Structures are given as structure tokens and as C-alpha cells.
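Please read it alongside the sequence and coordinates shown here.

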Amino acid sequence: MSATGWIRDVLHGPTPGPVPNSVTGTWPRTSHALPLIGMALIVSLDLLTNSQVTVEPALTAVPALAAVVSRRTWYPLLVGALAELCAFGMAWYNDVLGQSVHTATVAAIVLIAGIGHLSATLRLRQELALAEAQLVAEIARRVLLRSVPERVGPVRAAVRYAAAAAHASIGGDLYEVVNTRHGVRAVMGDVRGKGLAAVETAAAVLGAFREAAHQEAALDKVAGWLAVSLDRALHENEHPGVDEEFVTLVLIGVRPDGVLEIANCGHPAPVLLRGEDAPLLLAADETVPPLGVLDPADVRPPLQLVQAEPGDRILLYTDGVIEARDHRGAFYPLTDRLPLLADGGPVDVLHRLHDDVVRHVGHKLGDDAAMLMLHFDPVVLPAQVLPGRALPGPEERSSQGPGERRGFVA
């Protein structure tokens, strides 16, 4: 952290993110009084000391302070002009108008005020450019990583994502939840590397998933579709480092009959939370490499089937969560900490979990970290009675199939 940022955080605390007509990293308006207060203290000190000792050179620090605390490019010049008036007044009071100390002080104030004006102008341009970059990143995130609805069919969903890149809101992690005729399907993935190349790869995988999830009836074939699309995108766009590019991902499907399907391609295993039971890692018996390692035709991940129960929660996450280290180098113990944070809805759980990971590390996370929670919460539809028709009797109800008596709300 720079000295300016340290002083600002000590006196006033950190400034919030970008807001209309403002940029990040600015001081509150009350801090504009600091140069004037400093000027008054210097003048008071000069009046209270021996007239043969002058503190007039201390006025050179005032325009420099004005350039630090203000985004107004004219403010250092204004403070510099006031400092010059004080300097001449102090020199007259101390009878040093013709001495070199006064001449040097006047010249230094002019020079520092000019430098302060220039530095404030350059800083303002940089802050505006940063604000525009943050806005573009936020727009790109909303297009690429769309917000997850609170309910998708029989599933309540929530997501928490933090990008590791400074001043960015998007990185190489990807997620999506869609409702299809085959059931609810979700993906969580992690692209190797960071930066623009990782974002391009994530966009290719997400675009393919949003199409394949609706078209492919078998979840394992969705993974094969994603492998083909990723391979084509990397080679057609002459992606740098194409031979070393890969994506770990896990696919989750919630069928209309309540069966969970899991297809994992080199991604950390999802965690199942069921009632008071200990968290269960849904690890596959067979390890499959990430997408991009094998030929797309050879991508056939085994399909895990788990019968879901109402209230079951599935946590998907990237390695930025479980590989977060504390100051001793210890990884974050996800399965140990999760039961202590699992009360409440998916949004509350992910919020507490993210804060707990940050406390474990002790600072901002060094890698992209994404978490997606799916809460299996089917809703039983009440029976509808048509006008003029009596409710079905016991024999009639027993002849109806389960699908005629119960359904899921989309």
C-alpha cells in the first residue's frame, strides 16, 4: 500500500468502490481542510517562537499535502497562493524579507504547487481510466457470468465469486445454472491461468454449455460437447499456449425424478450436505483429466448417480477455496469448517463461507474463488379441482401415477 493510501485509511478508512461522478481511491471532502489546518499551525508556531528563528520553510509542505488529499487540479495552486501570502507575512514579521531563506521558500512553494497541480491532473486521468476499466469488467462479467436466479425448478441456487486480478470482477472461473427439459443442470469450472486468455476460454466453455445442456439428454455427453467446443475455440482463434490450456469442470444434473447426476473432469469433488450428517465429498471412482488434456473424442467421464432428498445441498467450488493458505501454509479445511457455517439459505451460507476463507488467509485471496450452492427444495403442487367436479375418491387416487399427483415448480 502506498503512503497516501495508508494515511487515508488511518484517518478516514478505505473509500468504497466506484459510484456515479466519482472514482476509487479519493479522499473525503473534509480532508481538504488538512492543508489549511497545517498552514494555520505553521503560522501559529512561528508567532509563538523567537523572532530570530523562522519556520517559514515548513510552508513548502502545504501545497504538496493539497495535491495528495484533493482531486481538484486547481486546489494545489490555490493552497500554494495562500502559502505564498503566509510566507511573505511571516518574513515581514521576522524581518527576513531580503534573506535567502525567504527567497528559497517562495521559489520552493511555487515549484511544489506546480508539481502538485501536474500530479493531481495525472492521477485524475489514471483514476478515470481505472473507473472505466472497472465498468467494462463489470459489464463483461454480467454478460459472461450471468446472475443465478434464486430458484431454478426444484432447486434454490446461490453463487459467490471473487476475482483475484486487481480491480477486476472477472477471471478464469466459470459457473452457470440452467433449467432444461432434462432437468436442472449446473456447471462449475476453472480455466488454467489468468487474464484475458482465461476469460476467452471461459466464454467458449460457457457458450457451449448453455447450448449442450438443452440439446444433450446424457450429462456425460454434455462434457464431450464442451471438450469439442473448447478444442475448436482454442485452435480457430490461435489461442496463445493452446498446447498447455485446459479447463477443470464438474457438471451437475438434477433430474425431474430427484436423481443427481455428476460428471467430473479433473475438478474438486462437490460436497453434499444432508441434514445433520457430516459433509460428504462426492468424488468419482475414476479420475478423468481436465478438458483440453485428452482428445475430445476420448472425453467420457463416468456418471455418478445420487438420490437426492429434500433439503440436500450441493456445494460446487474452485481450487481458489480449498487451496487458500494461512500464514503457516495450511490449506483451508473446507469440510471441517462447512458444518459450522451451514445454517440458513444458500446466499447466507456462501457469504459466511467466503468471509471465513478470507479470515483464514488473512488478506485478499490470491486466486479466483467461486462457490455455487444448489439446495434441493421441491415444492408439492396442490391438487386443482375443476368447477363442478368432486375430489377423487381413495380408489381413484390410488389409480393415479406419482407424476399425476406431484410436480415441481419451475
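Helix axes are lines fitted to C-alpha atoms over the stretch in contact, and the angles between N-to-C directions run from 0 to 180 degrees. The structure is a predicted model. The points below concern the packing of H2 against H4 and against H3, the buried face of H9, and the setting of Ser229.

**Packing of H2 with H4**

- Helix H2 and helix H4 (residues 75-94) pack with their axes 11 Å apart, at an angle of about 5°.
- Because angles under 35 degrees count as roughly parallel, H2 is roughly parallel to H4.
- On the H2 side, the contact is formed by Ala33, Pro35, Leu36, Met39, Ile42, Val43, Asp46 and Leu47.
- H4 contributes Tyr75, Val79, Leu82, Ala83, Cys86, Met90, Tyr93 and Asn94 to this contact.
- By class, the residues of the contact of H2 with H4 comprise 14 nonpolar, one polar and one charged.

**Packing of H2 with H3**

- The axes of H2 (residues 33-48) and H3 (residues 61-69) cross at roughly 165° and come within 8 Å.
- Since angles over 145 degrees count as roughly antiparallel, H2 is roughly antiparallel to H3.
- The crossing of these two helices, H2 and H3, is right-handed.
- Leu34, Pro35, Met39 and Ile42 of H2 meet Val62, Leu65, Ala66 and Val69 of H3 in this contact.
- The contact of H2 with H3 holds eight nonpolar residues, with no polar and no charged ones.
- Pro35, Met39 and Ile42 of H2 take part in the contact with H3 and also in the contact with H4.

- Helix H9 (residues 334-341) has Leu334, Leu338 and Leu341 buried.
- Viewed down the axis of H9, its buried residues lie within an arc of 75°, and therefore they line one face of the helix.
- In general, an α-helix has 3.6 residues a turn, so residues three or four places apart point the same way.
- Asp336 and Leu340, on the other side of H9, are exposed.
- The cover over the buried residues of H9 includes strand E7 (271-273), strand E10 (313-317), helix H8 (319-322) and helix H10 (346-361).

**Setting of Ser229**

- Ser229 is located in helix H7 (residues 219-236).
- Ser229 counts as buried because its relative accessibility is 9%, and buried means under 20%.
- Ser229 and Ala208 are 21 residues apart along the chain, and their C-alpha atoms are separated by 6.3 Å.

Note on methods
Residues numbered from 1 in each chain as written. Predicted model: local features only at pLDDT ≥ 70, side-chain atom pairs only at ≥ 80, totals over all residues. Heavy atoms only, no water. Helix = DSSP H or I, 4+ residues; strand = E, 2+ residues; numbered from the N terminus. Parallel < 35°, antiparallel > 145°, perpendicular 65-115°, else oblique. Left-handed = near helix turned anticlockwise from the far one by under 90°. Contact = heavy atoms within 4.5 Å. Nonpolar A, V, L, I, M, F, W, Y, C, P; charged D, E, K, R; others polar. Buried < 20%, exposed > 50% of the residue type's maximum accessible area, 1.4 Å probe, protein only. Arc of directions from axis to C-beta.
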